[in-house]
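This report walks through the strands and helices of one structure. Please keep the 3D view open while reading.

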Amino acid sequence: MIFRQLFEPVSCTYSYVLASRRGGEALIIDPVLDQVDRYLRLMEELELNLVKAVDTHLHADHITGLGALRDRTQCITVMGEQSKVDVVSIRISDGEQLRVEGVVLDAMYTPGHTDDSYSFLCGDRVFTGDTLLIRGTGRTDFQNGDPLAQYESLFGRLLKLPDETLVYPAHDYKGETVSTIGEERTHNPRLQVRSAEEYVKLMNNLRLGNPKMMDVAIPANMRQGLAQEQIAQRGWAYSAEQAKALIGGRDVALIDLRENCERERHGEIPGALHLPYHDLRENLSPNGILRMLAAVPDRTLLFYCAFGERSAMAVQAAHDAGVSAARHIQGGIEAWRKAGGTLAIDSRGPAQGRLWGNSTRSGTPHAMAQ
C-alpha cells in the first residue's frame with residue numbers, strides 16, 4: 001500500500017494519502033487548502049488518480065482542501081452524515097465502508113470533539129481525527145462538543161481496538177507522528193481516569209483559548225458545495241418537481257451516479273440505470289454506454305446523485321466531452337425526497353446496472369431499473 005503522512009506546519013495538521021498501488025486510485029484524509037498544490041504534485045509523481053477526499057470532522061483551525069481538490073480533480077468529497085457542511089458528495093454513517101481501488105476504510109462515528117467526528121479504520125491503522133491524539137484528546141468545548149460522548153468514543157470504541165493498532169491523528173503539536181492504541185491506553189494522561197465523570201470534569205476544566213483561525217475556518221468549511229447554480233444558469237438542471245414530470249418518458253434516460261452502499265441505504269428513483277460516478281470517464285468514452293444512450297435522437301440523459309454535487313460535475317464533464325443531452329436533478333435524491341418523489345429499495349441486494357429497455361408507464365419502472 002502507498003501511504004504518505006503529510007504535515008502542514010501552521011495548524012500542525014496531518015493529512016494522509018492512501019492507495020493500493022502506484023498508478024491507482026487514491027484517497028486523502030483531512031486535506032488543508034494551503035497544501036492542495038503539494039497534494040496534486042504528489043499525485044502526479046506517484047501517477048495516482050485522486051478519487052475521494054475525506055474530512056474526519058468540521059475543522060476549526062484550518063480551511064479544508066475538500067472543495068479545491070474537488071474542483072481541480074473532480075474527486076468525491078466525503079464527511080459524516082452528522083456534518084452541517086452545505087454539500088458534500090457522500091455523507092457516510094457509522095459502520096459503512098469507504099472504498100477506493102484496493103483500499104477499504106471502516107467508518108467509526110466517534111463524537112465528542114465535535115458532533116460530526118469520525119475515525120476511519122484501515123487494516124492495522126486507525127485515523128482518529130481530533131478524537132484521539134498522541135498523548136492527548138481533542139477539546140470538547142465548542143462545535144457541539146461533548147466530553148461524555150468523547151469518553152464513550154474513546155473507551156467504548158477506539159480503545160477496544162487491538163493494542164498494536166497504529167494511531168494516526170489529524171494534529172500533533174510536539175512533533176510526534178504515530179502511536180498505538182496500547183501506548184495511548186498506558187501513557188496518555190487524559191486516559192488515566194477511573195470513570196466517565198472524572199473524564200468529563202477533566203475536559204471541562206481545560207480552559208483553552210479558541211483556535212486562531214476559528215472565526216474564519218468554520219464559516220469557510222461549512223460552505224463546500226459546488227456552485228450548482230452555474231449549471232442551472234446554463235439550462236442544464238431540472239428541479240426535483242420538474243424531474244417528476246419528465247421521468248418515465250421514452251426520451252429520458254435516468255442515471256444514478258451514487259455508489260451501491262448509498263443505493264442500498266437510501267433507495268433509488270425507480271427506472272434509474274446505475275452508472276457510478278467513478279466510472280464516468282469510461283462511460284463517456286466513444287464506446288461508452290452514455291454515448292450509446294445519447295445517440296438516440298431527442299433523448300435526455302438525466303443524472304442524479306445524493307445532493308447534486310457529483311451530478312453537476314457529471315453534466316459539465318458530459319458537455320465537455322460533446323454529450324450535449326446531459327442534465328441533472330438539482331439537489332439530488334435529497335431534493336427528490338423532499339419533493340415527495342417515489343423511492344424504491346432493492347430487495348435483491350447490491351444494485352446491478354441493466355441495459356435500456358421499455359419506457360415507464362404510469363410510474364412502473366422500465367427494464368432499465370437496476
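## Strands 3 and 4

Strand 3 and strand 4 run parallel and are paired over five bridges. One of the pairs is Glu25, whose bridge partner in strand 4 is Asn49. The model is a predicted one.

How enclosed is strand 3 by the rest of the structure? Four of its five residues are buried, so strand 3 is largely enclosed.

Strand 1 pairs with strand 2 (residues 13-19) in the antiparallel sense, over seven bridges. Here Glu8 stands opposite Thr13 of strand 2.

## The hairpin of strands 2 and 3

Strand 2 and strand 3 are also antiparallel, with four bridges between them. Ala19 stands opposite Ala26 in strand 3. The two strands form a hairpin, with five residues between them. In the turn, Gly23 has a positive phi of about 90°.

Strand 7 (residues 97-100) and strand 8 (residues 103-109) run antiparallel and are joined by four bridges. Gln97 has Asp106 of strand 8 as its bridge partner. These strands form a hairpin too, with two residues between them. Gly102 lies in the turn and has a positive phi of about 80°.

Strand 8 also pairs with strand 9 (residues 118-122). The sense is antiparallel, over four bridges. Met108 has its bridge partner, Ser119, in strand 9.

## Helices 1 and 2

The crossing of helix 1 past helix 2 is right-handed.

Which residues make the contact? Helix 1 contributes Val36, Asp37, Tyr39 and Leu40. Helix 2 contributes Ala68, Leu69, Arg72 and Thr73.

## Helices 3 and 5

The axes of helix 3 (residues 147-156) and helix 5 (residues 196-204) come within 9 Å. They cross at roughly 125°. That angle makes helix 3 oblique to helix 5. Helix 3 passes helix 5 in a right-handed crossing.

On helix 3, the contact is made by Pro147, Leu148, Gln150, Tyr151 and Leu154. On helix 5, Ala196, Tyr199, Val200, Met203 and Asn204 take part.

## The buried side of helix 6

Which residues of helix 6 (residues 214-221) are buried? They are Met214, Ala217, Ile218 and Asn221. An α-helix has 3.6 residues a turn, so residues three or four places apart point the same way.

Definitions and conventions
Residues are numbered from 1 along each chain as its sequence is written. This is a predicted model: local features need pLDDT of at least 70, side-chain atom pairs count only at pLDDT 80 or more; totals for chains, interfaces and linings use all residues. Side-chain values use heavy atoms; hydrogens and water are left out. Buried means under 20% relative accessible area, exposed over 50%, partly exposed in between (1.4 Å probe, protein chains only). Two strands pair if DSSP finds at least two bridges between them. Axes are lines fitted to C-alpha atoms, for helices over the stretch in contact, and angles run from 0 to 180 degrees between N-to-C directions. Angles under 35 degrees count as roughly parallel, over 145 as roughly antiparallel, 65 to 115 as roughly perpendicular and the rest as oblique. A crossing is left-handed if the near helix is turned anticlockwise from the far one by less than a right angle, and right-handed if clockwise. Contact means heavy atoms within 4.5 Å.
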